[in-house]
Amino acid sequence: MRTALRPAAEQAGVCRHALLARMHAVSDKPLLLLLAPPGAGKTTLLQQWLATAWPKPRVLLALTPYDDQPLRFFRRLHTALRQQLGDSTGTWFDPLAADLHEAPVTLALALFEDLNQLPAGVCLVLDDAQCLQDPYLVAVLRVLAELASANVQLVLASRQALSWLPACGLLDGRIACLQGADFAFTDTEIQALGAYLGAAVLQPPALQAVQAMTQGWATGVKVALLSHARFGLPALAQFNGSQPQIVEYFGDVVLRQLSAERRDFFLVTALLETFDGALCDAVLQRRHSGVLLEQLAAQHLFIQPLAERHGWYRYHPLLQDYLRHRVQLEQADNLPALQRRAACHLARHGQTDFHDDERALQHAQASGDHALHWRMLLQTSDAWLKAGYFSRVLKHLMALDTATLLAQPSLLGALVEALVLSRCFTQADHYLHLAEQHGLAQGDDGAGWLLLRLLLGTFRDDAASSLPKVAQGLRATQVPMALRAQAQTLLAYHEMMAGELSAAIDYASQAQALLAHSGHHFLQSYADLIVVLSRRHAGQSLAARNQVYADFSACPRTSPAWLNRATAMLVTLYEQNQLAEAQALGEELITEITASSASEAIVTVYVTLSRVLHCRALPERAARLLENLTRAVELGHYPRLFGHVAQEALRQALLSGSSSVLEGVARRFQLPQRWAAGEWECAGPYCEGWERSAMACVYWLIGTAQHAQAARLLKVLAHALQGSQMRVRRLTVHINLLCLNPEQDSQSQQAQTLKSLIAEYGIACFSRGVLDEAPGATRLLQQAVQQGVLPVPDKYRQHYATFIGQTVAPLRLSQLAELTDKEREIVDGALQGLSNAQLSDKLGIAVSTTKWHLKNIYAKLGVRSRTELLVNVGGVN
């Protein structure tokens, strides 16, 4: 084959090895389609491909709009065949002698039969195939496409979809296709092209900027790199759709070929970040935009469908920049009305998509209509607060000046609420004082501002004793329902802190219904968390666990409420001794528990994950988490939560066996001074912070061999908890007393005492948390079970086999025989320590499919977790 093409490296500056490999991988397909927008690199790829080996001779015909005439097209085809293949066959189809008035099928068959006679076959390559629109030519090409075979191949490169191709070709495997996204330049290819053009190597931030603006579009990449080569990094920072080369390119290949109606459509819709038919209809005041969008997307005019949102589209960033510049020049007077229409339409749909709310605000602000902007700000802020998107509220409201906020009290109130729930207490207090100074917190709106004061006080100080009275006052029937629901949630939280668990559960449960009715989904999840923690403290573990599983499974991962649901699930997994699962969830949570989360959730996640890591023999990581949490809690006034941190820090220090570590941690929490000052000499009204810190002191006393003092302190705690509803805390104290054993009871006496505690509290209360907080409890439990004086249910044995010194019933070989081959592969991989993701990669299946197989495996083998699977199957194998 003769060709005058230059070497590939010289043509493009970078060889598209990956794309060439994909073309060669489908060399047996009858038809190969290259479908991508202008400037994507189709012609360059074809030139590089022609310079490589191929199973049969290739004939390239680069088309232009002038070729859209049957006689001219067939003359050019005849010439190309003669020039590139020579006279290697006997008879040739001759368009000069043919009657072009014959049926297209007859002509196509004659052409195909002549090409099929070539001994080595032929590959016919048509570049810019979209140029052929003549009905006669299209009919001939349709028949050729249907006849294409392994001997007579077709390669078609086009800017838009070719409607005449066989519709079933892609489905039956006859057609292979490379589409727009396949042509995007990779980071490596961008660097290689930059080197060819004389540009310096791009550092990661600059490379990411080029990718973000160009989306890997070859022409855009080349223009950006040329600017970089000439003017350095500043040129990349300013690179957009207003570059002269980009302007010229888009003006020529996009706008010039559009009708006046479609040109206006392009210009106006470029104001929209993303769009669908309904939005375009609203902004342009027209109909059937959805059909037009489908047509334009099929033409590959830089309109790209959104994979995550059916029926929605966006422009290529560079084209959008170019079009926005044009619409500013050509329709400046029209812009405010266009922006208002976009804002109003998106606001109506924002209830189901918060991104629509965000864009509605942007259009309202761009319209210059301040009243519209403020009205939408209030609507969206209310929706975002209810859903838990506090950072979005702050982004918009913090940008307003003080005068605007004072003129719009509702916006000021929304800002205060977002600041409190984002733990920006100083700023929230400042704006509250500002509202009070200007008389905004009076009259009919007084209840709302009083609730904000209550909210601030609750989240900033977990020992504020006057706040419950304020919350009770806001439960009056004349207070709006939404405010009553929020006040009742805060009241439930205070009752939980005071150990009044029945009241906390009642208040929170009542608030749940009100919050769900008013759409306060984030606060509803917080009320759910209060119910779960209260039930856990009250020893109602089964009810708490069932609620946690139901709430967690029903909550989308993308919802801010997921943080509260996942926090409750983390505690449940730990209490059920599912440490691997708890660690995985905890490490996922720890990256997202931010300043926008409630203090209760933050402390619960940090303390629980730290304990899980310590249980899994990762003491250094556990200690780092506690140290970070200690520093954070010290900055506020959280004596109750500080007590949680102190207890866990001393528990881990005691288990470390190091007296120096124990003393250092005790001093950090000032336990020796507080003990010497008599802080825990006698019991008063129950206070959780006081009790948790006292347990920390017990661990310190035990570790320093002050056993009598530790026993005395435990008895004070038992007395304080005697009338409390904190049953699990009371059980923890009693087990610690039993483990300390100052009276030197015999093992049988200890077992009987343990048995009586189980009878009083129920075996379900002997969770992982209780056993971990009582050093020595595991030994007592093991002895009682092994001596047969303490029968425990099979379910308990499954969860706590490591504590009672027994494993669940070993698996039989017959059970393993019930597994399918795929399930056995998964078990073997799990035994090798492979994660679900690694198993999926190894077996070539989705992670969700792996999880489904594991669920079936657990059911067949009678185990509940991967840990039980490894323990039991490992022994059988």
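This is a short tour of a predicted model, stop by stop.

**Before you start**

Local features are described where pLDDT is at least 70, side-chain atom pairs count only at pLDDT 80 or more, and totals for chains, interfaces and linings use all residues. Numbering runs from 1 along each chain as its sequence is written, and side-chain values use heavy atoms, with hydrogens and water left out.

**Stop 1: the whole protein**

Show everything as a cartoon. The protein has 49 helices and seven strands. These are DSSP runs, numbered from the N terminus: helices are H or I with at least four residues, strands are E with at least two.

Now colour by burial. Of the 877 residues, 52% are buried. Buried means under 20% relative accessible area, exposed over 50%, and partly exposed in between, with a 1.4 Å probe and protein chains only.

The accessible surface is about 38300 Å², and carbon and sulfur atoms hold 54% of that. Areas come from the Shrake-Rupley method with a 1.4 Å probe; for residues, only the protein chains shown count as cover.

Consider contacts next (heavy atoms within 4.5 Å). Take those between residues at least 6 apart in sequence: 68% of them join residues at least 24 apart.

**Stop 2: helix α23**

Select residues 425-437. This is α23, with 13 residues. From first C-alpha to last the helix reaches 18 Å, close to the 18 Å expected at 1.5 Å a residue. The expected span is 1.5 Å times one less than the number of residues.

Show side chains. Phe425, Ala428, Asp429, Tyr431, Leu432, Leu434 and Ala435 are buried. An α-helix has 3.6 residues a turn, so residues three or four places apart point the same way.

Gly439 follows α23, and its phi is positive, near 70°.

**Stop 3**

Go to Leu81, in helix α4 (residues 70-85). Leu81 counts as buried because its relative accessibility is 5%.

Jump to Gln331. This residue sits in the loop between α16 (317-330) and α17 (335-349). Is Gln331 buried or exposed? Gln331 is buried, at 16% relative accessible area. Leave aside neighbours within four places in sequence, and Gln331 is in contact with Asp264, Leu267, Val268 and Leu338.

**Stop 3: salt bridges**

Show Lys, Arg, Asp and Glu side chains. A salt bridge puts a side-chain nitrogen of Lys or Arg within 4 Å of a carboxyl oxygen of Asp or Glu. By this rule there are 34.

Start with Glu189 and Arg16, whose closest N and O atoms are 3.1 Å apart. Glu189 is in helix α8 (residues 187-197) and Arg16 in the loop between α1 (8-12) and α2 (17-25), so the pair ties together parts 173 residues apart in sequence. Glu189 is buried at 9%. Arg16 is buried at 4%.

Next select Glu679 and Arg674. Their side chains meet in a salt bridge at 2.8 Å, N to O. Glu679 is partly exposed at 33%, whereas Arg674 is buried at 18%.

Move to Arg729 and Glu773. Their closest N and O atoms are 2.7 Å apart in a salt bridge. Arg729 is in helix α39 (residues 727-740), Glu773 in the loop between α41 (768-772) and α42 (777-786); the pair links distant parts of the chain, 44 residues apart. Both residues are buried.

**Stop 4: nonpolar cores**

A nonpolar core is a set of buried Ala, Val, Leu, Ile, Met, Phe, Trp, Tyr and Cys residues joined through side-chain atoms within 4.5 Å. Which members of the largest core touch the most other members? They are Trp49, Phe266 and Leu650, out of 214 residues.

Centre on Leu650. Not counting residues up to four places away in sequence, Leu650 touches Leu662, Val665, Ala666, Phe669, Leu671, Ala696, Tyr699 and Trp700.

A second, separate core has 40 residues, including Ala108, Cys131, Leu132 and Tyr136.

**Stop 5: cysteines**

Stay on Cys131, buried at 15% relative accessible area. Then go to Cys555, buried at 13%. The structure holds zero disulfides, a disulfide being a pair of cysteine sulfur atoms within 2.5 Å.
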